[in-house]
Amino acid sequence: MGLRRAGRSTLVDDTAEKIRQMILTGEVKPGEFLPTRRELAREFGVGISTIHEAVQSLNAVGLVESRPGKGTWV
């Protein structure tokens with residue numbers, strides 16, 4: 001049905017949180033590019049579409065900026 005139960009997270013949420021932690025811990029600093037979506041997918045063991053959705057959610061809250069053909073940076 002598309003509804004989530006309270007207290008449960010999705011793969012996209014979990015992936016977005018991993019990327020967020022990379023930023024908060026300083027692994028990727030403001031102004032730096034994130035690894036490519038393909039590299040992140042391989043590192044986290046998820047599909048490219050999961051990375052894409054996770055990056056979109058982080059972009060929506062202003063944590064990253066993404067430009068097609070350029071990459072995604074903090």
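These are my notebook entries on what I looked up in the predicted model.

**Ground rules.** I am working with a predicted model in which local features need pLDDT of at least 70 and side-chain atom pairs count only at pLDDT 80 or more, whereas totals for chains, interfaces and linings use all residues. Residues are numbered from 1 along each chain as its sequence is written, and side-chain values use heavy atoms, with hydrogens and water left out.

**Overall layout.** I looked up the secondary structure and found three helices and two strands, where helices (H or I, at least four residues) and strands (E, at least two) are DSSP runs numbered from the N terminus. Read from the N terminus on, the order of the elements is α-α-α-β-β. I then looked at burial, and 26% of the 74 residues count as buried; buried means under 20% relative accessible area, exposed over 50% and partly exposed in between, with a 1.4 Å probe and protein chains only. For contacts (heavy atoms within 4.5 Å), I noted that 55% of those with a separation of 6 or more join residues 24 or more positions apart.

I followed up Phe-44, which, leaving aside its neighbours within four places in sequence, is in contact with Thr-15, Lys-18, Ile-19, Met-22 and Ile-51.

**Val-28.** I found Val-28 in the loop between helix 1 (11-24) and helix 2, and I record Val-28 as buried because its relative accessibility is 5%. Leaving aside neighbours within four places in sequence, Val-28 is in contact with Met-22, Ile-23, Phe-33, Leu-34 and Val-74.

**Salt bridges.** I looked up salt bridges (a side-chain nitrogen of Lys or Arg within 4 Å of a carboxyl oxygen of Asp or Glu), and the structure holds two. In one, Glu-17 pairs with Arg-20, the closest N and O atoms being 3.0 Å apart; these residues are three apart in helix 1, so about one helical turn separates them. Glu-17 is partly exposed at 34% relative accessibility, and Arg-20 is partly exposed at 32%. In the other, the side chains of Glu-65 and Arg-67 meet at 2.7 Å, N to O, with Glu-65 partly exposed at 31% and Arg-67 partly exposed at 44%.

**Largest pocket.** Last, I looked up the largest pocket, where a pocket is an open set of points on a 1 Å grid over the protein atoms alone where a 1.4 Å probe fits, with protein on both sides within 12 Å along at least five of seven lines, and lining residues have an atom within 4 Å of a point. About 180 Å³ of space lies in this pocket, the volume being the space filled by probe spheres set on the points, which are joined across faces, edges and corners. Its lining has 14 residues, of which Arg-37, Val-55, Ser-66, Gly-71 and Thr-72 lie nearest the centre. Helix 2 (37-44), helix 3 (48-60), strand 1 (65-67) and strand 2 (71-73) each supply at least two lining residues, and the largest share, four residues, comes from helix 3.
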